[in-house]
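Here are a few friendly notes to read alongside the model.

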Amino acid sequence: MAVGGPPVLVVTRLDDATADDVITELNRRRVPVVRVDPGDFPSEVTLSGTFDGIGPGGTLATPSRTLDVGSVRSVYWRRPTPYTADLTLNEQAARWAVEEARYGLGGILATLPGAHYINHPWRNRDAEYKPAQLAAAARFGFTIPPTLITNDPDRASEFITEHGPVIYKPLRETEYTDGTGRALTVWLEDVHPDQIDTRIRHTAHLFQQRVSKSADIRLTAVGDHLTAVRIDGSPGIDWRRHYEALTYTPVPVPPELTKGVRAYLDAFGLVFGAFDFGLGTDGRWHWYECNPNGQWAWFPDNITAPITNALADRLQHPQGTP
């Protein structure tokens with residue numbers, strides 16, 4: 001096993017248990033790791049990027065590490081906090097500073113020479129669009145529930161009447177807080193025609209026929225390493241609301257889905273993807289979505305350990321395990 005060598009850069013927030021597992025495994029292998037959160041720039045992170053005829057270089061300094069940006073072997077891009085600005089700046093200046101940080105620091109972090117990304121942040125961004133996900137899933141042969149994206153209340157009512165039962169789901173997990181700053185989550189919910197009114201016109205909404213399911217399935221892909229888990233026990237539509245009631249059973253991936261997952265990842269330029277399916281009473285896996293940066297570390301150790309190892313392998317040996 002190779003020891004030392006160029007560092008792995010982990011881009012994430014401090015309270016990221018998923019990244020912690022991978023960092024612990026890399027430390028066990030004695031692979032150098034530098035962790036940075038772009039949200040700490042500029043208060044705790046100092047950047048000096050250089051560019052000339054031989055390409056980018058320079059340094060990135062955190063309170064505990066100094067990184068040569070030209071020496072990074074791989075990047076694990078997880079869940080960094082949003083860019084920030086000095087609190088003394090007025091609103092317009094702060095907005096300008098945040099965008100300069102995004103395109104300056106963010107641009108350098110996304111163009112590290114020779115680094116292998118899991119996943120590249122721009123590929124994550126592209127793969128987060130639900131319409132693009134649905135179009136790609138159809139192209140690669142997944143079974144997709146009838147879905148409508150609209151701001152037309154009449155069309156929404158017609159769709160719900162025609163395809164009921166129907167659920168509403170957000171198009172993106174955008175940060176949302178109440179008046180006290182407490183984070184709120186927009187869950188999947190059943191929706192009925194009498195709930196539709198002119199407020200639908202305010203933005204785009206996604207409606208989807210509810211799958212008649214016997215269980216849920218989370219399939220975590222790290223390259224060709226696929227881990228599929230059957231999730232039972234949820235008393236409601238959205239199993240994420242009922243972790244304490246859930247049981248997990250590893251299941252094999254049907255060959256045709258293995259091919260589709262590989263094609264899907266390739267189409268978006270992804271190494272990692274967390275795919276959600278409903279296991280229909282008809283036995284088919286019904287496509288819900290693919291989160292290019294989804295969670296997996298809440299599973300029991302016997303499920304998470306192989307995923308952790310697969311990620312550490314790709315980060316430690318970007319060109320393939322020797």
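1. The second largest pocket has a volume of about 290 Å³. A pocket here is an open set of points on a 1 Å grid over the protein atoms alone, where a 1.4 Å probe fits, with protein on both sides within 12 Å along at least five of seven lines; the volume is the space filled by probe spheres set on the points. This is a predicted model: local features need pLDDT of at least 70, side-chain atom pairs count only at 80 or more, and totals for linings use all residues. Residues are numbered from 1 along each chain, and side-chain values use heavy atoms, without hydrogens or water.

2. Lining residues (an atom within 4 Å of a point) include Tyr168, Gln195, Asp197, Arg199 and Ile200. Strand E12 (189-191) gives the most, with three residues, and strand E13 (205-209) also gives two or more. Strands are DSSP runs of at least two residues, helices of at least four.

3. The lining divides into five nonpolar, two polar and four charged residues. Asp, Glu, Lys and Arg count as charged.

4. Helix H1 (residues 17-28) packs against helix H7 (residues 301-316) at an angle of about 60°, with axes 9 Å apart. The axes are lines fitted to C-alpha atoms over the stretch in contact, and angles run from 0 to 180 degrees.

5. Contact (heavy atoms within 4.5 Å) involves, among others, Val22 and Leu26 of H1 and Leu311 and Leu315 of H7. The contact residues divide into five nonpolar, two polar and two charged.
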